[in-house]
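Dear colleague,

I am handing over the structure we spoke about, with the sequence alongside. Please have both open while you read the notes that follow.

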Amino acid sequence: MKKISFLPVLLITLTTFAAAQHCTNDISGRWMSTEKNIEVEIFKTEKEYKARVTWFDDSDDKSRPMNIRCDSKNPNKLLRTRKIIGLEVMHGLVYNSEDNEWHGGRIYDASSGKDWNAKAWLTSDGCLKVRGFWHFEFLGQNMCFKKVL
């Protein structure tokens, strides 16, 4: 009898924990794009969130594995020898509790060497949507990331 009454308590606890995780304003952790072509680690420093590349799909050119690829498209020639793995590609995101989003960030696209404004938000299905845009949000593109467990 005790086992039967324990199950509902466990289910309620797990549901509450999952809901609390979704409502949190901490997006720290490892995230994989839904296209499964890049993984980033998001971390918090002081009040802002940053992200660095931890893995990317290098199947486009097997002669250049990910561990040797550099930031060759960077407009600053002095930065073109930086490795892509470990490269900080996002900074400045700050949580805004009024709209439950992170704003004020910048995101760097190493494949083009371009820097974009950025914002992020969590969807009800646990997807972290990151929007890179140029000055106006409607001039941008979204990427969806799922938390890596």
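**What was found**

A110 counts as buried, at 19% relative accessibility, where buried means under 20% relative accessible area, exposed over 50%, and partly exposed in between (1.4 Å probe, protein chains only). This is a predicted model, in which local features need pLDDT of at least 70 and side-chain atom pairs count only at pLDDT 80 or more, while totals for chains, interfaces and linings use all residues. Residues are numbered from 1 along each chain as its sequence is written, and side-chain values use heavy atoms, with hydrogens and water left out.

To stay with A110 for a moment, this residue lies in the loop between β5 and β6; helices (H or I, at least four residues) and strands (E, at least two) are DSSP runs, numbered from the N terminus. Leaving aside residues up to four places away in sequence, A110 touches D71, K73, I84 and L87, a contact being heavy atoms within 4.5 Å. A110 and N74 are 36 residues apart in sequence, yet their C-alpha atoms are 6.9 Å apart in space.

As for the chain as a whole, its secondary structure comes to one helix and eight strands, in the order α-β-β-β-β-β-β-β-β from the N terminus on. Of its 149 residues, 30% are buried, and among the contacts with a separation of 6 or more, 34% are between residues 24 or more positions apart. The accessible surface is about 10,000 Å², with 59% of it belonging to carbon and sulfur atoms; such areas come from the Shrake-Rupley method with a 1.4 Å probe, and for residues only the protein chains shown count as cover.

W31 touches, among others beyond four places away in sequence, I38, V40, I42, L122, L128 and F145.

The structure also holds one disulfide, which joins C127 to C144 with an S to S distance of 1.5 Å; the criterion is a pair of cysteine sulfur atoms within 2.5 Å. C127 lies in the loop between β6 and β7 and C144 in strand β8, so the pair ties together parts that are 17 residues apart in sequence. C127 is buried, with a relative accessible area of 2%, and C144 is buried as well, at 14%, whereas C70 is partly exposed, at 27%.

F138, in strand β8, is exposed, with a relative accessible area of 65%. G140 also lies in β8 and is partly exposed, at 36%; beyond four places away in sequence, G140 touches R131, G132 and F133.
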